[in-house]
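Subject: Structure handover

Hello,

Here is the structure I promised you. Please open it beside this email and follow along.

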Amino acid sequence: QVQLVESGGGLVQAGGSLRLSCAASGRISSINFMGWYRQAPGQQRDLVARIGSSNTTTYADSVKGRFTISRDNAKSTVYLQMSSLKPEDTAVYYCACNARLGSLDFRFWGQGTQVTVSS
């Protein structure tokens, strides 16, 4: 099992910045990628950014150039630096990881952290 704990959400004005953190514990050696998803009210949960074990990154088009995902393997933590925030970035942000346990892949989720961007 892998446990994920997010922190860093909050209320910010449009144009501002926030940094989200996600600390992993448990069978962290089994993790092959980590990422951030977000879900606005009445919307589906969508990928925001992900980072692989070789630090390969992928971003949603809507956040390219504004958000940066990074990881600190020594701390088993992944970060999402969000800049130039817009009201449409308002959502619950979830940390997620894929882990290979035995011969199967599992997806684990954090509890979510609210990000609210005021106009």
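In which strand is the place of M82? M82 sits in strand β8. Keep in mind that this is a predicted model.

**M82 and its surroundings**

Start with M82. Its relative accessible area is 0%, so M82 is buried. Leave out residues up to four places away in sequence, and M82 touches G16, S17, L18, L20, R66, F67, Y93 and V115. R50 is 32 residues from M82 along the chain, and the C-alpha atoms of the two are separated by 14 Å.

Now move to S83. This residue lies in the loop between β8 (77–82) and β9. Is S83 buried, exposed or partly exposed? S83 counts as partly exposed, because its relative accessibility is 24%. The cut-off matters here: buried means under 20%, and exposed means over 50%. Neighbours within four places in sequence aside, S83 is in contact with G16, S17, R66 and F67. T116 is 33 residues from S83 along the chain. The C-alpha atoms of S83 and T116 are separated by 13 Å.

**The nonpolar core**

Next, look inside. The largest nonpolar core has 29 residues. Which of them touch the most other members? They are L4, M34, W36, L80, M82 and Y93. Strand β9 gives the most, with 6 residues.

**The cysteines**

How many disulfides does a search of the whole structure find? The search finds 1. This disulfide joins C22 to C95, with an S to S distance of 2.0 Å. C22 lies in strand β3 (residues 18–26) and C95 in strand β9, so the pair ties together parts that are 73 residues apart in sequence. The torsion about the S-S bond is about -80 degrees, so the disulfide is left-handed. Both C22 and C95 are buried.

C97 is in no disulfide. The nearest cysteine sulfur belongs to C95 and is 6.9 Å away. C97 counts as buried, because its relative accessibility is 0%.

**The open sheet**

Now for the strands. An open sheet is formed by 4 strands in the order β1-β3-β8-β7, with antiparallel pairing. Why is one side of β1 and of β7 left without a neighbour in the sheet? Both stand at the edges, each with a single partner strand, so one side of each has no neighbour there. On average, neighbouring strands of this sheet are turned by 15 degrees against each other, direction ignored.

Look at β3 and β8 within it. They run antiparallel and are joined by 6 bridges. R19 stands opposite Q81 in β8. As you look, remember that side chains in a regular strand alternate between the two faces of the sheet.

**The hairpins**

Follow the chain through β4 and β5. Strand β4 (residues 31–39) pairs with strand β5 (residues 46–52) in the antiparallel sense, over 6 bridges. F33 has G52 in β5 as its bridge partner. The two strands form a hairpin with 6 residues between them. In the turn, G42 has a positive phi of about 75 degrees.

Strand β5 also pairs with strand β6 (residues 57–59). They run antiparallel, with 3 bridges. A49 stands opposite Y59 in β6. This hairpin has 4 residues between the strands, and N55 takes a positive phi near 70 degrees.

Finish with β9 and β10. Strand β9 (residues 91–101) and strand β10 (residues 104–109) run antiparallel, joined by 6 bridges. The bridge partner of A99 in β10 is F106. How many residues lie between the strands of this hairpin? There are 2, and G102 takes a positive phi near 65 degrees.

Best wishes

Key: Residues numbered from 1 in each chain as written. Predicted model: local features only at pLDDT ≥ 70, side-chain atom pairs only at ≥ 80, totals over all residues. Heavy atoms only, no water. Pairing = 2+ DSSP bridges. Buried < 20%, exposed > 50% of the residue type's maximum accessible area, 1.4 Å probe, protein only. Contact = heavy atoms within 4.5 Å. Disulfide = S-S within 2.5 Å. Core = buried A, V, L, I, M, F, W, Y, C linked by side-chain atoms within 4.5 Å. Axes fitted to C-alpha atoms, helices over the stretch in contact; angles between N-to-C directions.
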